[in-house]
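Here are some notes to read alongside the structure, written for someone meeting it for the first time. Keep the view open and turn to each place as it comes up.

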Amino acid sequence: MLLNATFIWLSAFLLSIPICIFQGTVPVGLPGLHIYYKCVELWPSPFFKGTYTVMILVLQFAIPTLALLVTHIHIRSHLNARIFRTDSVQDECKGYQQSDGQGTSMNHERLKRDLRRNTRATMVLLNISIVFTMSWLPWNSLNLLAEFHPNVMSPKALYLAFAICHMAAMSSSVTNPILYGWLNSNIRREMVRMSWVIAKAGQLWFRIAALRVITKPCNKTTL
């Protein structure tokens with residue numbers, strides 16, 4: 001675990017080094033009048049900048065999306081295989097205790113229940129993959145568009161689109177806990193119960209505050 005974390009942090013540090021190297025300041029203003037300086041990327045050639053953009057796209061978006069998809073498929077296959085394997089073992093152990101018809105019926109019901117539970121878990125994982133893809137796809141697509149076709153949009157429209165796509169990409173860090181929690185029936189049940197308790201506590205607080213206002217003696221001012 002520690003080795004994997006070290007590898008990830010080291011890779012992120014190495015990938016960010018080109019941004020630190022190819023940075024510079026350029027003046028902004030009228031000829032002969034520099035209003036301010038801004039920091040921009042100053043690459044040796046457009047080829048290197050385009051290559052770096054594509055590499056970041058692959059490492060930041062394509063590989064994680066593919067990894068999520070493959071991992072979730074393997075999780076579903078493993079859960080289903082374990083259910084069928086457990087069910088077959090229980091059939092062999094309990095076969096001599098029950099009649100064939102009754103045992104088969106109970107085993108089928110248990111199998112259907114386990115498969116439905118695994119289907120719900122798979123849907124949670126699938127929704128997380130879809131949300132991750134839809135959150136990061138616009139931002140990465142816009143980066144490619146701005147890199148290889150910079151004149152297709154005006155600077156004002158490009159900045160606005162970049163801000164919207166960047167907010168959508170950052171929203172994935174918020175949506176994951178919501179999906180994990182709300183799509184889990186146990187957590188959702190506890191959240192609904194907690195909201196009911198909070199609502200009742202709020203109503204009680206307002207009632208107490210209203211009673212204090214009503215019973216508070218009025219201060220009369222004598223002229």
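Is Pro-44 buried or exposed? The answer comes in the first point, and the other points go on from there.

1. **Pro-44.** This is a predicted model, and in it Pro-44 sits in the loop that joins β2 to α2. Pro-44 is exposed, because its relative accessible area is 57% and the exposed class begins over 50%. Its C-alpha is 8.0 Å from that of Phe-22, although 22 residues separate Pro-44 and Phe-22 in sequence.

2. **The chain as a whole.** Now step back from the loop. The protein chain contains six helices and two strands, and along the sequence they come in the order α-β-β-α-α-α-α-α. Of its 223 residues, 16% are buried. If you take the contacts with a separation of 6 or more, 56% of them are between residues 24 or more positions apart.

3. Strand β1 covers residues 23-30, and Gly-24 belongs to it. Where Pro-44 is exposed, Gly-24 counts as buried, because its relative accessibility is 14% and buried means under 20%. Beyond its neighbours within four places in sequence, Gly-24 touches Lys-38, Cys-39, Val-40 and Leu-42. One of these, Val-40, is 16 residues away in sequence, yet the two C-alpha atoms are 5.6 Å apart.

4. **Aromatic rings.** How many aromatic pairs does a search of the whole structure find? There are six. One of them joins Phe-47 and Phe-48 in an edge-to-face arrangement, with 5.8 Å between the ring centres and 70 degrees between the planes. Phe-47 is exposed, because its relative accessibility is 61%, whereas Phe-48 counts as partly exposed because its value is 47%. Elsewhere on your tour of the rings, look for Phe-22, Trp-43 and Tyr-52, which form one aromatic cluster. Phe-22 is also the residue whose C-alpha was compared with that of Pro-44 in the first point.

5. **The largest pocket.** The largest pocket holds about 910 Å³ of space. It is lined by 25 residues, and the closest to its centre are Glu-41, Lys-49, Asn-143, Glu-147 and Phe-162. Which of them gives the largest share? That is α3, with seven residues. Sorted by class, the lining has 16 nonpolar, five polar and four charged residues.

6. **The second largest pocket.** Here the volume is about 330 Å³. Its lining is made of 13 residues, with Gln-60, Pro-64, Leu-68, Phe-132 and Asn-176 nearest the centre. At least two lining residues come from each of α2, α3 and α5 (172-182). In this pocket α2 gives the most, with seven residues.

7. The UniProt entry, which is unreviewed, places the feature "transmembrane region" at residues 7-30, 50-75, 121-139 and 159-183. Two of these spans can be compared with the model. In residues 50-75 the chain is 100% helix and 0% strand, and 36 Å lies between the end C-alpha atoms. Residues 159-183 are 92% helix and 0% strand, with their end C-alpha atoms 35 Å apart.

Conventions. Residues numbered from 1 in each chain as written. Predicted model: local features only at pLDDT ≥ 70, side-chain atom pairs only at ≥ 80, totals over all residues. Heavy atoms only, no water. 1 Å grid on protein atoms, 1.4 Å probe; cavity = no way out; pocket = protein on both sides within 12 Å on 5 of 7 lines; lining within 4 Å. Points joined across faces, edges and corners; volume = space filled by probe spheres on them. Helix = DSSP H or I, 4+ residues; strand = E, 2+ residues; numbered from the N terminus. Nonpolar A, V, L, I, M, F, W, Y, C, P; charged D, E, K, R; others polar. Buried < 20%, exposed > 50% of the residue type's maximum accessible area, 1.4 Å probe, protein only. Contact = heavy atoms within 4.5 Å. Phe/Tyr/Trp six-rings, centres within 6.5 Å; stacked < 30°, edge-to-face > 60°. UniProt positions renumbered as here; feature names shortened; annotations may be inferred.
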